[in-house]
Amino acid sequence: MTNPQRPRAFRIPAADQPPPEAATAEAPPRPEVRLVDEPYEIVDAADGVAVPVAPKRRAPWLSILFSALGGLVTIAVGLSLERLIADLFATAPWLGGVALALLAVAVIALTAIVAREALGVWRERKIEALRERALAALTTRDHTAAQGVVQELRGFYADRPALAGAIRRLDAVGDAILDVDDRLALAEGELLSPLDRQAKAAIAQAASQVSAVTALSPRAIVDVAFVVFSAARLLRRIAAIYGGRPGLLGFLRLARAAFAHLTVTGGMAVGEGMLHQVLGLGLAARVSAKLGEGVLNGLMTARFGLAAVAVCRPLPFVRVSPPTVNDVAGQLFRSSEPKE
């Protein structure tokens with residue numbers, strides 16, 4: 001006995017409809033449809049330009065772990081303080097009062113530290129935002145954005161008496177019709193040029209000190225400790241010159257950005273001026289190994305200072321040339337020579 005066939009449906013074409021073969025031949029070719037298993041690959045836009053899709057974010061388990069541990073430590077410290085104060089009150093009421101007063105002082109000090117850290121991070125973010133807005137205004141030729149950047153930069157340095165004359169000159173041309181480059185260059189020349197000179201002087205002084213101490217130090221551990229201390233002090237000084245007031249968190253954030261900038265720019269980039277410094281380093285190393293080591297540490301300190309300037313400066317370099325190692329390390333060989 002044969003199995004009965006399943007019912008089928010047939011569409012009868014109309015009299016004026018072309019046969020299926022002709023319709024297939026005249027229809028334009030359909031775009032190829034490709035099925036993929038991974039939905040987060042690059043998607044092609046309608047104009048053929050590849051549009052990157054944000055990758056799928058993973059759960060921040062490390063942040064969750066540290067947050068949970070921090071919460072547990074906070075609860076444990078709070079319970080310990082509560083039991084200590086209760087025990088002191090049970091022993092002697094005046095001891096409990098003293099403990100409460102000390103706790104209040106500690107809370108006030110902690111609040112002040114948190115406020116200072118928050119203010120430092122806020123000022124750093126404001127400097128970064130100014131620099132990004134200035135770059136965007138230069139790229140898009142936005143006159144309104146450039147004028148807003150100049151006004152905000154003027155307000156940022158309004159509390160500095162040394163820049164009062166520069167601020168008045170900027171106010172005199174505030175409504176003038178200027179190009180984007182000219183307006184930002186004017187603000188750069190009036191407000192940031194004096195700060196650039198201070199930053200270059202600070203870098204030259206730090207590089208000279210590192211070179212001299214390294215050339216005269218008898219221990220390598222002393223060299224490493226002084227180089228790290230000088231780099232940290234130089235970063236804080238440059239940040240203060242350009243208006244930043246970093247606390248501990250702000251300092252760590254600036255240090256990470258400076259090291260990242262130093263890595264992106266190539267670290268010890270060997271250009272024409274740097275080649276002269278390297279040749280001088282070779283000559284100094286032939287005279288004395290400690291002298292060559294001092295020159296090398298001074299050059300590295302100068303490079304770190306230049307990266308700190310690029311991170312802490314609220315405007316990009318518009319018309320002023322960025323400082324180089326030759327601008328700030330011209331006294332390395334004189335300062336690194338051992339004195340008799």
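Trainee: What does 25% relative accessibility make Arg154?

Mentor: Arg154 counts as partly exposed at that 25%. The classes are simple: buried is under 20% relative accessible area, exposed is over 50%, and partly exposed lies in between (1.4 Å probe, protein chains only). Now the ground rules. This is a predicted model, where local features need pLDDT of at least 70, side-chain atom pairs count only at pLDDT 80 or more, and totals for chains, interfaces and linings use all residues. Residues are numbered from 1 along each chain as its sequence is written, and side-chain values use heavy atoms, leaving out hydrogens and water.

Trainee: Which residue does Arg154 meet in a salt bridge?

Mentor: First the idea. Side chains of opposite charge can pair when their charged atoms come close. The cut-off is a side-chain nitrogen of Lys or Arg within 4 Å of a carboxyl oxygen of Asp or Glu. Arg154 pairs with Asp171 at 2.7 Å, N to O. Arg154 sits in helix α4 and Asp171 in helix α5, so the bridge ties together parts 17 residues apart in sequence. Helices here are DSSP runs (H or I, at least four residues), numbered from the N terminus. Asp171 is partly exposed, at 37%.

Trainee: How many salt bridges does the rule give?

Mentor: The count is 8. Arg141, Asp179 and Asp181 form a network of them.

Trainee: What is the phi of Arg141?

Mentor: It is positive, near 60 degrees. Arg141 follows α3.

Trainee: What span should α3 have?

Mentor: Expected span is 1.5 Å times one less than the number of residues. With 48 residues, α3 should span 70 Å; its end C-alpha atoms are 69 Å apart, which agrees.

Trainee: Where does UniProt place the "transmembrane region" feature?

Mentor: The unreviewed entry gives residues 61-81 and 93-115. UniProt positions use the numbering here, feature names are shortened, and annotations may be inferred rather than shown by experiment. In the model, residues 61-81 are 100% helix, with end C-alpha atoms 30 Å apart. Residues 93-115 are also 100% helix, with ends 33 Å apart.

Trainee: Which residues make the nonpolar surface patch?

Mentor: A patch takes residues with over 30% relative accessible area and no salt bridge; like charges are joined within 9 Å, nonpolar side chains (Val, Leu, Ile, Met, Phe, Trp, Tyr) within 5 Å. Areas come from Shrake-Rupley with a 1.4 Å probe; for residues, only the protein chains shown count as cover. This patch covers about 640 Å², from Val73, Val77, Leu81, Leu84, Phe89, Leu100, Leu103 and Val107. α2 (61-91) and α3 (93-140) each supply at least two residues. α2 gives the most, with 5. Val77 lies in α2 and is partly exposed at 44%.

Trainee: Is Thr214 buried or exposed?

Mentor: Thr214 is buried, at 1%. The residue lies in helix α6 (180-216). The Thr214 side chain reaches the backbone oxygen of Val210 at 2.7 Å.

Note on methods. Polar contact = N/O pair within 3.5 Å; in protein donor to acceptor, adjacent residues only side chain to side chain.
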